[in-house]
Amino acid sequence: MNIIKYNSFLYNDIRWMYYCILLAENARKQGEVPVGAILVKNNNIIGMGYNNVIRFNDPTAHAEIIAIRQGGNKIGNYRLLNSVLYVTLKPCLMCIGAIFNARIKKLVFGTEYTSNNVLNQLTNIIYNDCCIYSLVNSIDNVFSNICSMQLKYFFYCKRNKN
């Protein structure tokens with residue numbers, strides 16, 4: 001019985017991450033960094049988004065923030081208890097703060113940053129040393145190859161735009 005229950009959770013994680021990848025593709029088509037996010041509660045989507053930083057001229061218009069805002073509006077509460085956030089890229093420091101404040105129960109992400117800059121190092125400290133994994137149930141590297149390739153392809157095209 002536990003195996004069936006576990007597999008249904010795994011199936012849902014794969015299913016929702018697939019939708020995130022499609023959302024990330026929308027961002028790429030609009031010239032945005034291809035990141036997609038979906039917020040799910042009781043197996044229903046309550047929020048979704050993809051990066052819109054350039055379109056909205058808003059540095060906070062990350063996929064996660066947009067999905068969290070929609071979710072809060074949909075249920076009429078900033079506390080998104082028992083919800084699950086799926087995102088194609090490991091959330092940044094700003095988004096981690098929003099995830100904590102929204103009290104999201106579980107975080108599932110596709111791939112991690114590959115750069116070794118200061119912000120990435122700080123994010124890793126928050127994840128590892130400050131125990132985000134104990135505060136938010138977290139699953140990483142779901143469709144990691146696809147999520148990673150979306151980002152690599154986007155930046156490759158940006159660099160070789162001749």
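These legends go with close-up views of a predicted model.

**View A. Here we zoom in on N12, a residue of helix 1.** Helix 1 runs over residues 2-29. N12 has a relative accessible area of 17%, and buried means under 20%, so N12 counts as buried. Who are its partners from further along the chain? Setting aside neighbours within four places in sequence, N12 is in contact with N43 and Y86.

View B. Take C92: the nearest cysteine sulfur belongs to C95 and sits 3.7 Å away. A disulfide needs the two sulfur atoms within 2.5 Å, so C92 is in no disulfide. C92 is buried, at 16% relative accessibility, while C157 is partly exposed, with a relative accessible area of 31%.

**View C. Now for the largest nonpolar core, a set of 21 residues.** In soluble globular proteins, nonpolar side chains tend to be buried together. In this core, L39, I68, L80, L85 and I104 touch the most other members. Which elements supply at least two residues each? They are strand 1 (36-41), helix 3 (63-75), strand 3 (83-89), helix 4 (93-102) and strand 4 (106-111).

**View D. Let's stay with L80 and look at what it touches.** Not counting residues up to four places away in sequence, the contacts of L80 include L39, I46, I68, I75 and I104. G71, G72, A102 and R103 are touched by L80 too.

Technical notes
Residues are numbered from 1 along each chain as its sequence is written. This is a predicted model: local features need pLDDT of at least 70, side-chain atom pairs count only at pLDDT 80 or more; totals for chains, interfaces and linings use all residues. Side-chain values use heavy atoms; hydrogens and water are left out. Helices (H or I, at least four residues) and strands (E, at least two) are DSSP runs, numbered from the N terminus. Buried means under 20% relative accessible area, exposed over 50%, partly exposed in between (1.4 Å probe, protein chains only). Contact means heavy atoms within 4.5 Å. A nonpolar core is a set of buried Ala, Val, Leu, Ile, Met, Phe, Trp, Tyr and Cys residues joined through side-chain atoms within 4.5 Å.
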